[in-house]
Amino acid sequence: MKILLLADIHSNWQALQAIDESFDACLFAGDLVDYATDPVPCIEWVRKNVHAAIRGNHDHAVAQRIPVKKKTGLSQLAGIARPVHWQKLSDSHLKFLGRLPVTRRVELDGKVFYLVHATPRDPFDEYLKDDSDGWRARLKGIEADYVIVGHSHTQFCVDVDGTKVINPGSVGQPRDGDPRAAYCVIEDGEVSFRRVEYDVAATVQNMSENGIDGPVLELAEHFLKTGGRMLPG
Ligand SMILES: [Fe+2]
């Protein structure tokens, strides 16, 4: 069985459609929307193709119409992109995002998968990368073969006492210095991290057509082209 793991699509349809993999089941670890400006095809794709999906902090904020308060860094981008989402998304789309569960447990191929966007202790906010002691402290009481997470936008697999914690990386906004769309495949128990190039310029163009301009568009373009670097200065 071939299982496709995705996270942090962030309304980047160009990146999502570049992933050309067949799969038997797809699991999505949250943050389908926000930051980029093409949410509709991303939501439709997930609705059609994903076996189990959960809600990330950005899905929650868009669904609950929470305005962006911070005016620094990437928040400036979300500050413009979020109202674009409210214009583009129907009530049905917003309900879909708002009703995604915060955690989900599914069985596939005889293995138990536990999905949570950030960490089980703090499903929306806590950043934890490949720190096995940190994960050990947070996995108490969770019995699963695989814990699938997102949020940090970096690919990793940590083995914690027989449970594999996997972050497939971010499809639409990688932050590990590699701008290619990130994802992971588990095939017959073999975990493989993959990357694929996509048309970053087309994503930036879509942002520009949706009202993102000036220094915020420059920041977004630099961030996407460098795989997560802020503009110098
Ligand atoms: Fe994210």
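The expected span of a helix is taken as 1.5 Å times one less than its number of residues, helices being DSSP runs of H or I with at least four residues, numbered from the N terminus. The structure is a predicted model, in which local features need pLDDT of at least 70 and side-chain atom pairs count only at pLDDT 80 or more, whereas totals for chains, interfaces and linings use all residues. Residues are numbered from 1 along each chain as its sequence is written, and side-chain values use heavy atoms, with hydrogens and water left out.

Helix H4 (residues 75-88) has 14 residues, which should span 20 Å at 1.5 Å a residue; its end C-alpha atoms are 20 Å apart, and so the two values agree. Ser 75, Leu 77, Ala 78, Ala 81, Arg 82, Val 84 and His 85 of H4 are buried (under 20% relative accessible area, with a 1.4 Å probe and protein chains only). Packing of the buried H4 residues is against helix H2 (39-49), helix H3 (57-63), H7 and H8, with contact meaning heavy atoms within 4.5 Å.

When residues up to four places away in sequence are not counted, the residues touched by Leu 32 include Ile 9, Cys 42, Ile 43, Val 46, Asp 59 and Phe 96.

Grid points are joined across faces, edges and corners, and a volume is the space filled by probe spheres set on the points. One cavity of 30 Å³ or more was found. The largest cavity has a volume of about 60 Å³, and its lining includes His 10, Tyr 35, Leu 77, Met 207 and Phe 223. Helix H7 (200-209) and helix H8 (214-226) each give two or more residues to this lining, with H8 giving the most, three.

The largest pocket holds about 470 Å³ of space. Its lining has 22 residues, with Tyr 35, Asn 57, His 58, Ser 75 and Arg 82 nearest the centre, and H3 and H4 are the elements that give two or more residues to it.

Notes. 1 Å grid on protein atoms, 1.4 Å probe; cavity = no way out; pocket = protein on both sides within 12 Å on 5 of 7 lines; lining within 4 Å. Buried < 20%, exposed > 50% of the residue type's maximum accessible area, 1.4 Å probe, protein only.
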